[in-house]
Amino acid sequence: MTVNSSPLEELLVSKSELDENLLKDILKPFIKIENETGEYIFTPKFSDLTLRQKIIVILLGQKAKVRLNLTQKEKVRPKDLEYLLGEKGNSIRPALKELRRKGLISYGKDGYFIHNALIYKAKNYLLASEKK
């Protein structure tokens with residue numbers, strides 16, 4: 001800390017550094033990402049998650065793939081979630097609706113995503129659900 005700096009400067013952090021470390025900590029137990037294709041590789045622990053938790057993990061994984069320059073699109077369409085999770089739309093869509101109602105995910109023109117400001121909330125949702 002310099003002579004004239006504020007003690008509050010200790011709160012400052014690089015946005016990308018914070019997001020990337022947080023994403024790594026959340027995702028590591030559940031998924032790996034193939035470094036050439038960007039394909040998800042689900043760990044055995046991923047199978048233990050509920051459908052809603054799996055959706056959160058995939059949406060956060062998509063955010064990680066953008067950071068890793070494996071894709072340019074952060075938003076995920078319900079059809080893509082159906083394919084990745086092997087679930088029908090009549091299971092996926094109500095789960096998406098509930099996650100949106102809880103303020104965990106957002107919907108944009110091209111699909112669903114998690115705002116950077118909600119990454120901690122998503123992490124807490126995964127942790128709280130894991131304890132049940």
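Q: Helices are DSSP runs of H or I with at least four residues, numbered from the N terminus; where in the chain, by this definition, does valine 57 lie?
A: In this predicted model, valine 57 lies in helix H2, the run that covers residues 51-67.

Q: Why is valine 57 called buried?
A: Buried means a relative accessible area under 20%, and valine 57 has a value of 0%, so the residue is classed as buried. Its contacts, apart from those with residues up to four places away in sequence, are with Leu27, Phe30, Ile31, Phe46, Leu49 and Leu126. Proline 78, which is 21 residues from valine 57 in sequence, has its C-alpha 14 Å from that of valine 57.

Q: What makes isoleucine 56 count as buried?
A: The relative accessibility of isoleucine 56, which also lies in helix H2, is 0%, and the cut-off for buried is under 20%, so isoleucine 56 is placed in the buried class.

Q: Which residues does isoleucine 56 touch, not counting residues up to four places away in sequence?
A: Contact requires heavy atoms within 4.5 Å, and on that basis isoleucine 56 touches Leu99, Leu104, Ile105, Ile114, Ala122, Tyr125 and Leu126.

Q: What does the side chain of glutamine 53 reach, and at what distance?
A: The side chain of glutamine 53 reaches the backbone oxygen of leucine 126 at 3.4 Å, a value that can be set against the limit for a polar contact, which is within 3.5 Å.

Q: What makes glutamine 62 count as buried?
A: Glutamine 62 is also placed in helix H2, and with a relative accessibility of 6% against a limit of under 20%, it is counted as buried. Neighbours within four places in sequence being left aside, glutamine 62 is in contact with Tyr40, Thr71, Lys73, Glu74 and Val76.

Q: Why is the pair of phenylalanine 42 and phenylalanine 46 called stacked?
A: By the ring rule the chain has three aromatic pairs. In the pair formed by phenylalanine 42 and phenylalanine 46, the ring centres are 4.0 Å apart and the planes are at 15°; since rings pair when their centres lie within 6.5 Å and count as stacked when their planes are under 30 degrees apart, the pair is stacked. Ring pairs also link Tyr40, Phe42 and Phe46 into a cluster.

Q: How are phenylalanine 42 and phenylalanine 46 classed by relative accessible area, and why?
A: Phenylalanine 42 has a value of 31%, which falls between the limits of 20% and 50%, so phenylalanine 42 is partly exposed. Phenylalanine 46 has a value of 5%, which is under 20%, so phenylalanine 46 is buried.

Q: Why is asparagine 69 called exposed?
A: Exposed means over 50% relative accessible area, and asparagine 69 has 69%, so the residue is exposed. Asparagine 69 is placed in the loop between H2 and helix H3 (78-85), and although it is not a glycine, it has a positive phi of about 60°.

Q: What makes asparagine 90 exposed?
A: Asparagine 90, found in helix H4 (residues 89-101), has a relative accessible area of 64%, and because the limit for exposed is over 50%, asparagine 90 belongs to that class.

Q: How many helices and strands does the protein chain have, and in what pattern do they follow along the sequence?
A: The chain has five helices and four strands, and read along the sequence they give the pattern α-β-β-α-α-α-β-β-α. The C-alpha trace spans about 60 × 35 × 30 Å along its principal axes, and 39% of the 132 residues count as buried. Of the contacts between residues at least 6 apart in sequence, 57% join residues at least 24 apart.

Key:
Residues numbered from 1 in each chain as written. Predicted model: local features only at pLDDT ≥ 70, side-chain atom pairs only at ≥ 80, totals over all residues. Heavy atoms only, no water. Helix = DSSP H or I, 4+ residues; strand = E, 2+ residues; numbered from the N terminus. Polar contact = N/O pair within 3.5 Å; in protein donor to acceptor, adjacent residues only side chain to side chain. Buried < 20%, exposed > 50% of the residue type's maximum accessible area, 1.4 Å probe, protein only. Phe/Tyr/Trp six-rings, centres within 6.5 Å; stacked < 30°, edge-to-face > 60°.
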